[in-house]
Amino acid sequence: MKKLTIILSVIGLLLAVLPMNASAADMKQVYNSTVRYYGTLSVMETEGWEDRPDGGKYITQVAYVTETVGGYVYLDLLETTNTKIDKILPSASFELVKDEAIENGRRVLFKAKGNISGKTEVFTLTADIVDPSLKECKITYSPLGVGCITLEDKSGNTLYLDKNGNSVSKEKYEEVCEGTVIPDTPNTGNPIPYIAVGGGLLAIAGVYFYSKKSNKMYKI
């Protein structure tokens, strides 16, 4: 009886592990390139379409980056060809801060739970195949910047990110991102120095007071 229990336990363990190994082995790389903001963005996808219990088909993709901006990864996921995004699940290294529907896809913001060094999984995505009779499908990943933006997180709280993508207070955001900008000169594009402006104002004031004094002298 004891031997039978051990054998059954081993069989159960194998059944639990094998699907995971098979799934990992069946993944293929569909995207791997250096992108703006997030270093190297790479995406793995299941070989072939998977079957749903209702008879539909779907794909699974896993996305990785090598860098973040202030700990954030901000992307548009576009349903380019024959796909409809179903679920987006963050990895153990990230939390999903925002997920909103946009035209032809989803816009997602992830926040790293710690320091990111090297290739790190960000999320797993599943997408339904709209028309299984077609033989192609595609989801496009479009990186977005997080410098000087405000948005609402999943809890409805306003998130303020400075020019480096760091989460800051509203006051700090206004100071850094909405501060007074010195206008450029029309020809060179160089900022007008404050000293030059101040000197010009002093010169004008000097001429004015000198003129008043001269007028009084003439009157006398």
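Predicted model: local features only at pLDDT ≥ 70, side-chain atom pairs only at ≥ 80, totals over all residues.
**View 1. Salt bridge between Asp51 and Lys57.** The side chains of these two residues are joined with an N to O distance of 2.3 Å. Asp51 is exposed, its relative accessibility being 53%. Lys57, by contrast, is partly exposed, at a relative accessible area of 27%.

**View 2. Salt bridge between Arg52 and Asp86.** The N to O distance between the two side chains is 3.3 Å. This pair connects distant parts of the chain, 34 residues apart. Arg52 lies in the loop between strand S3 (50–51) and strand S4 (57–65), whereas Asp86 belongs to strand S6 (residues 83–90). Both partners count as partly exposed: Arg52 has a relative accessibility of 23%, and Asp86 has a relative accessible area of 33%.

**View 3. Network of Arg52, Asp86 and Asp128.** Salt bridges link these three residues in a network. Within this view, the Arg52 and Asp86 side chains form the salt bridge with an N to O distance of 3.3 Å.

**View 4. Salt bridge between Arg106 and Asp99.** The closest N and O atoms of this pair are separated by 2.7 Å. Arg106 is classed as buried because its relative accessible area of 17% falls under the 20% limit. Asp99 is partly exposed, with 29% relative accessibility.

**Note to all views.** Side chains of opposite charge can pair when their charged atoms come close. The model contains 6 salt bridges by the rule applied here, among them the pair Asp51 and Lys57 and the pair Arg106 and Asp99.

Definitions and conventions
Residues numbered from 1 in each chain as written. Heavy atoms only, no water. Salt bridge = Lys/Arg side-chain N within 4 Å of Asp/Glu carboxyl O. Buried < 20%, exposed > 50% of the residue type's maximum accessible area, 1.4 Å probe, protein only. Helix = DSSP H or I, 4+ residues; strand = E, 2+ residues; numbered from the N terminus.
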